[in-house]
Amino acid sequence: MLTLDQVKSKSSGWLGGLHPVVLAAAGALIQRSYARGVPIMITQGLRTIAEQNALYAQGRTKKGPIVTNARGGESYHNYGLAIDFALLLPDGTNLSWDTSRDGDRDKTADWQEVAYEAKQLGFEWGGDWTSFKDYSHLENNFGLSINQLKSGKLPTVQQVKDALARINGTPSDSEGGTKLLITLNGQKIADGYLEDGTAYAPVRAVAEALGAKVTYDAATKTVKLVTD
Ligand SMILES: [Zn+2]
């Protein structure tokens with residue numbers, strides 16, 4: 001039985017240069033997968049543009065199967081926002097890319113267990129992609145396109161805080177969002193808050209200010225607004 005430290009040490013060479021959120025998520029993924037009986041190794045992290053170009057050439061101008069559709073600068077690996085993983089076999093050395101392997105015999109493929117934990121940690125899994133499936137690949141792109149990254153755009157401080165809170169399982173200090181003042185014809189009617197681009201407001205205060213009657217049906221969990 002491999003210890004967690006043994007498992008962790010296998011990946012340490014691939015964690016340099018990762019975005020702090022991806023680094024934290026990678027560490028948590030190794031730990032959570034291990035706790036489920038699935039040791040993994042991070043097999044790729046930050047990739048330089050030259051390394052990416054060499055990989056793109058494979059299967060095109062160089063021998064081997066095609067493994068990526070991304071040229072240098074076009075992969076989230078090039079910005080420290082992606083990692084690849086494989087299953088670490090009980091000998092602590094060899095790796096497996098067998099997505100149906102069930103090493104811990106819990107009748108769930110180990111690969112699926114890792115993908116599940118990864119998504120809990122905020123990663124997007126390449127196995128969910130429709131056009132080009134990349135079962136080893138996990139990324140957190142913060143909603144930024146490659147072009148935005150190329151032009152130097154970075155995740156916001158709030159995005160980073162929220163992502164770290166999710167990974168650490170602690171409430172983010174964005175809890176409750178940004179406070180909003182809600183007015184009707186210049187008069188304050190309620191306090192609200194803004195979160196993820198949506199403005200939240202107490203429905204009764206707003207609806208009654210607009211002349212509607214508000215009732216709540218607990219059985220169907222329905223808020224009913226009636227205007228005459
Ligand atoms: Zn990848």
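How many of the 228 residues of the protein chain count as buried? I found that 36% of the 228 residues count as buried, where buried means under 20% relative accessible area with a 1.4 Å probe, protein chains only.

**Basis.** I noted that this is a predicted model, in which local features need pLDDT of at least 70 and side-chain atom pairs count only at pLDDT 80 or more, while totals for chains, interfaces and linings use all residues. Residues are numbered from 1 along each chain as its sequence is written, and side-chain values use heavy atoms, without hydrogens and water.

**Fold.** I looked up the secondary structure and found seven helices and 10 strands in the protein chain (DSSP runs, H or I of at least four residues for helices, E of at least two for strands, numbered from the N terminus). The radius of gyration is 23 Å, well over the 17 Å of the globule rule for 228 residues, so the chain is more spread out than a compact globule. The radius is taken over C-alpha atoms, and the rule is 2.2 Å times the number of residues to the power 0.38. Along its principal axes I read a C-alpha span of about 75 × 45 × 30 Å.

**Zinc site.** I found the zinc ion coordinated by His-77 (NE2), Asp-84 (OD) and His-137 (ND1), at 1.9 to 2.0 Å. Asp-84 belongs to strand S2 (residues 82-88) and His-137 to strand S5 (residues 137-139), so this pair ties together parts 53 residues apart in sequence. The donors (N, O and S atoms within 2.8 Å of the metal, or 3.2 Å for Na, K and Ca; water is not among the atoms, so sites may look incomplete) follow the spacing H-x6-D-x52-H. I recorded both Asp-84 and His-137 as buried.

Conventions:
Buried means under 20% relative accessible area, exposed over 50%, partly exposed in between (1.4 Å probe, protein chains only).
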